[in-house]
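Here's a quick tour for anyone meeting this structure for the first time. Have a look at the picture, then read on.

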Amino acid sequence: MSIADRTVQTSWEGPLATGAGALGSGSSGALDGLPVTWAARTEQPGGKTSPEELAAAAHSSCFAMALSLKLGENDTPPQRLDVTSTVTLAEVDGLPTITTSKLTVRGEVAGLDAAGFAQIVDAAAALCPVSRLFAGAEVSVDAQLA
């Protein structure tokens, strides 16, 4: 049974190198009109996004939610979590491939030491659906308390 379904349409015009696309018709409307280009993936973004940036946004927000849940279950809810995801597009066997998502977590959590935080971070990593989606990629987490 599905917990949620979210849909986004991308419309693309032109060849890969010089063409452009835009996200639209999204379930929430939050991404509507967001421009995407090949250059935004492989050169400077120039105010446009890429699948890798969108994947990084999905991973960082998902992980923040999973960690917040696990910290709450431990009776140590966070005052603040800053989660950054860096998603890497590299060439593997001649094909562009998303190879890694590196998560950096900085947390302000009262009543928890670094070892306890690390243990809860591991539990969040196992819970986060986007981490599990990236299971074939290398996912690393650098987590520290403030």
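## The overall picture

The protein chain has 4 helices and 6 strands, where helices (H or I, at least four residues) and strands (E, at least two) are DSSP runs numbered from the N terminus. Keep in mind that this is a predicted model: local features need pLDDT of at least 70, side-chain atom pairs count only at pLDDT 80 or more, and totals for chains, interfaces and linings use all residues. Residues are numbered from 1 along each chain as its sequence is written, and side-chain values use heavy atoms, with hydrogens and water left out.

Going along the sequence, the pattern reads β-β-β-α-α-β-β-α-α-β. The C-alpha trace spans about 55 × 35 × 30 Å along its principal axes. Of the 146 residues, 27% count as buried (under 20% relative accessible area, with a 1.4 Å probe and protein chains only).

## The sheet

Now for an open sheet of 3 strands, in the order β4-β5-β6 and with mixed pairing. Its edge strands are β4 and β6, each pairing on one side only; two strands pair if DSSP finds at least two bridges between them. From one strand to the next, the twist averages 15°. Strands β5 and β6 pair in the parallel sense over 8 bridges, and arginine 106 stands opposite glutamine 144 in β6.

| Helix | Residues | Strands | Angle |
|---|---|---|---|
| α2 | 51-73 | lies across β4, β5 and β6 | about 140° to β4 |
| α3 | 114-127 | touches β5 and β6 | about 150° with β6 |

Touching, or contact, means heavy atoms within 4.5 Å.

## Where the two helices meet

How do α2 and α3 sit relative to each other? Their axes come within 8 Å and cross at roughly 125°. The two helices are therefore oblique to each other, because angles under 35 degrees count as roughly parallel, over 145 as roughly antiparallel, 65 to 115 as roughly perpendicular and the rest as oblique.

Residues of α2 in this meeting include Phe63, Leu67 and Lys70, and those of α3 include Phe117, Ile120 and Leu127. By class, the contact has 12 nonpolar, no polar and 1 charged residues. Here Ala, Val, Leu, Ile, Met, Phe, Trp, Tyr, Cys and Pro count as nonpolar, Asp, Glu, Lys and Arg as charged, and the others, Gly among them, as polar.

Note on methods
Axes fitted to C-alpha atoms, helices over the stretch in contact; angles between N-to-C directions. Buried < 20%, exposed > 50% of the residue type's maximum accessible area, 1.4 Å probe, protein only.
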